[in-house]
Structures are given as structure tokens and as C-alpha cells.
Amino acid sequence: MERRSNFEAYRIVCILLIVIMHTFGAGVGKWNTQLGIFINTVGNIGVTGFVLLSGYFGIRLKGKKLAKMDLMLIFWSLAAYASTLLAGISESFSVKQFLTCLIPVISHRYWFVSAYFCLCILSPFLNEYLETVGQKRHRQLIIATGILFLLLPTVCFFDQTGDGGKGILNMALAYIIGRYIGMYHRDSVISQGKIAALLAGVVVVNFALNDMMYLAAGSTANYFARDNSLFTMIQAVLLLFFFMQHRYQSRIVNVLAANVLAVYILEDTLKLHLHSVVPYTEYAGRGFYIVIVLAVSLTVFAAAVLLEEIRKRIFDKTENILIDKAGNKVARWIK
């Protein structure tokens with residue numbers, strides 16, 4: 001399937017929001033603390049957005065694709081860990097850390113990737129149900145699960161999963177919602193101005209609630225910006241609808257978006273190396289810190305995309321041969 005650049009741009013925005021949120025952190029000082037609350041309010045759209053987009057198009061389980069993703073994870077996990085050892089950022093070699101690099105999905109080295117692998121494996125069953133049950137029943141499923149795992153955690157402090165939404169259950173819910181949009185609202189035409197205004201309104205309410213909790217408690221919890229917040233889901237859905245309205249093709253956008261998973265994997269390591277050269281967190285309490293954060297985030301994004309593109313050009317053919325041979329052996333063994 002040809003990549004549609006408006007959706008790929010949505011994917012890029014999602015990863016940039018995540019990186020900016022992680023880089024800025026909670027903020028130091030009155031101004032930056034308020035700004036940190038706002039960035040977290042918006043930034044947590046990213047993870048939910050990725051899964052919504054997977055649901056929109058529907059995951060079609062392919063063993064080869066998962067195998068290639070796993071090889072990429074192992075390669076960058078090992079490379080990133082080795083680079084921190086060589087640079088003296090990691091004090092000493094750890095067998096445990098090394099093993100988590102070899103089995104990043106099973107070891108839960110990256111929670112999102114581990115949960116996404118589970119979602120991929122479950123996707124044929126989800127797709128079969130959602131594509132046969134009908135729109136009404138699909139909508140009822142969203143309402144029921146939305147009340148239990150979005151509304152109640154938002155308004156009643158009821159978090160049944162105990163993970164703040166960072167797990168397979170809320171990921172599956174986002175997938176189900178994305179699938180509903182892809183199946184029944186794929187051609188919806190809505191004014192981008194109206195969507196933008198509604199999105200801005202939800203963000204303002206979300207920020208105000210998080211800010212009030214900060215003023216009352218004296219610490220930043222960003223409770224209403226969590227992954228299992230109803231506000232986060234609404235914001236991610238509105239942003240998806242916004243990008244759905246503008247269809248265009250851009251080879252550059254498509255290439256950048258194809259490598260965003262590497263940005264997620266390499267983000268922390270690249271920032272560690274960058275910080276060892278330019279200790280940018282020393283300015284965390286300054287008013288211009290957001291400018292530094294944006295520069296760091298864009299640098300990390302560009303570096304990770306470039307590194308992954310180079311890795312693919314070098315190892316892609318070899319990976320395909322190894323995976324095909326392994327697949328043939330498994331097939332013969334099954335027979």
C-alpha cells in the first residue's frame with residue numbers, strides 16, 4: 001500500500017511530541033513548570049496517536065515484518081548500549097542489560113514496542129471481530145471500554161489496569177477506536193478550522209485541570225494528561241481527523257516517517273551523548289529553555305532517522321535472506 005503523506009506527517013508529529021515531552025520534563029521554575037504542564041498535556045497525544053493510526057489502516061499480521069522489527073530493535077539496543085560503554089556514560093558492563101538488548105520485546109526494554117508486538121499478534125482476532133460485528137456493536141464496544149478504561153480513570157481516579165494506560169489494554173482500545181474511524185469515517189469531510197478550534201478547547205481544559213492539580217498539590221502529576229485519560233484520547237482523535245482532511249504526497253515525509261520507530265528506540269541514548277558534549281539541562285530553569293529543547297529534539301529526530309536509513313541500506317537485503325531461510329526451515333519443521 002502506498003504511503004499517504006498526510007498520515008505519515010501525523011506519525012512524525014506524534015514522535016516529535018513524545019521526544020519534546022521527554023526532553024523538557026517537568027520544568028524548573030514557575031514559568032517552565034507551567035510550560036512543562038502544557039507540553040505534557042499535548043505531548044502524550046503521541047503514543048495514542050500511533051496506535052490510532054494502526055487501527056485506522058488495520059494491522060495485517062506478517063511474521064516477516066515483525067521479525068525485521070525485532071532485528072532492528074536488537075541491533076539498535078546493542079549499538080546504543082555499546083556506545084554508552086565506550087563513551088563512559090555507562091559505568092560498567094551488565095549481563096542483565098546485555099540480555100535485555102538481545103531480547104528487547106520479551107524483556108520489556110521498551111514498553112510501547114512490547115505492547116505493540118502483543119497487539120500485532122492479537123490483531124487478526126480483533127480485525128475478524130470488528131469487521132463482522134457491524135457498526136452499532138463496534139460503537140457499543142468503544143462506549144463500554146471507553147467508560148471503563150478512559151472515563152473512570154479520568155473522573156473517578158479508578159485505574160483498573162494500574163499502569164496509567166501504558167499497556168496492551170489501552171493500546172487495544174486505541175486500536176479499536178482507530179479501526180472504527182478507518183471503517184466508518186474514512187471519507188468524513190470536516191472543516192480543519194472547526195477541528196483545530198475544538199482541539200484547542202480540549203487542550204485548554206486539559207491544561208487547566210492539570211494546572212489546578214499542581215497548584216493544589218504543589219507537585220506536577222499531569223493526571224489528566226495520562227495515556228488512559230479521556231482528554232488524551234479525544235485530543236489524539238481530533239488531531240487524526242485534522243490530518244485526514246488534507247491529502248498530499250511527499251517522498252521526504254514518507255521516508256522520515258518510515259524511520260520514526262528508531263527515534264523512539266534511540267532517543268535516550270542520543271540525548272545522553274549530546275548532553276555529554278553540551279550539558280543543555282544546565283539551562284532548565286531559564287526562560288529560553290524551550291528553544292534548547294526544540295533544538296535537541298529536532299537533532300535527535302534527524303540523527304535517529306539518518307542512522308536507521310543507513311542501517312537499512314546496509315543490512316536490509318541480508319535481513320531478508322536470513323528471515324526467508326529461517327521461515328523456510330520453520331515451515332519444513334511444521335510439515
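Buried here means under 20% relative accessible area. The legends below describe a predicted model.

Figure 1. The protein has 13 helices and zero strands. Read along the sequence, the pattern is α-α-α-α-α-α-α-α-α-α-α-α-α. The C-alpha atoms fill a box of roughly 60 × 55 × 40 Å along the principal axes. A compact globule of 335 residues would have a radius of gyration near 20 Å, and the protein agrees with that at 21 Å. Buried residues account for 46% of the 335. Take the contacts between residues at least 6 apart in sequence: 82% of them join residues at least 24 apart. The accessible surface comes to about 17,200 Å². Carbon and sulfur atoms hold 67% of that surface.

**Figure 2. R11 and E8 pair inside helix α1.** R11 forms a salt bridge with E8. Their closest N and O atoms are 3.2 Å apart. Both residues belong to helix α1, which spans residues 5-24. Are R11 and E8 buried or exposed? R11 is buried, and E8 is buried as well. Each therefore falls under the 20% cut-off for relative accessible area.

**Figure 3. R60 and E131 join distant parts of the chain.** The side chains of R60 and E131 meet in a salt bridge, 3.0 Å from N to O. This pair links parts of the chain that are distant, 71 residues apart. R60 sits in the loop between α3 (45-57) and α4 (63-86). E131 sits in helix α6, residues 111-133. R60 has 44% relative accessibility, so R60 counts as partly exposed. E131 is also partly exposed, because its relative accessible area is 38%.

**Figure 4. Helix α13 carries the K312 and E309 pair.** K312 and E309 form a salt bridge through their side chains, at 3.9 Å from N to O. Both lie in helix α13, residues 289-334. They are three residues apart, so about one helical turn separates them. An α-helix has 3.6 residues a turn, so residues three or four places apart point the same way. K312 has a relative accessible area of 26%, so K312 counts as partly exposed. Salt bridges that share partners also join K68, E308, R311, D316 and E319 into one network.

**Figure 5. Helix α9 in close-up.** Helix α9 covers residues 192-217, 26 residues in total. From first C-alpha to last, α9 reaches 37 Å. That is close to the 38 Å expected at 1.5 Å a residue. Which residues of α9 are buried? They are I195, L199, V202, V203, N206, N210 and D211. What covers these buried residues includes α2 (30-43) and α10 (230-244).

**Figure 6. The two ends of helix α9.** At the start of α9, look for S191 and G193. A side-chain oxygen of S191 comes to within 3.2 Å of the backbone nitrogen of G193. What follows α9 in the chain? The residue is G218, and its phi is positive, near 80 degrees.

Notes:
Residues numbered from 1 in each chain as written. Predicted model: local features only at pLDDT ≥ 70, side-chain atom pairs only at ≥ 80, totals over all residues. Heavy atoms only, no water. Helix = DSSP H or I, 4+ residues; strand = E, 2+ residues; numbered from the N terminus. Expected span 1.5 Å × (residues − 1). Buried < 20%, exposed > 50% of the residue type's maximum accessible area, 1.4 Å probe, protein only. Contact = heavy atoms within 4.5 Å. Polar contact = N/O pair within 3.5 Å; in protein donor to acceptor, adjacent residues only side chain to side chain. Salt bridge = Lys/Arg side-chain N within 4 Å of Asp/Glu carboxyl O. Rg over C-alpha atoms; globule rule 2.2 N^0.38 Å. Areas by Shrake-Rupley, 256 points an atom, 1.4 Å probe, with all protein chains shown as cover.
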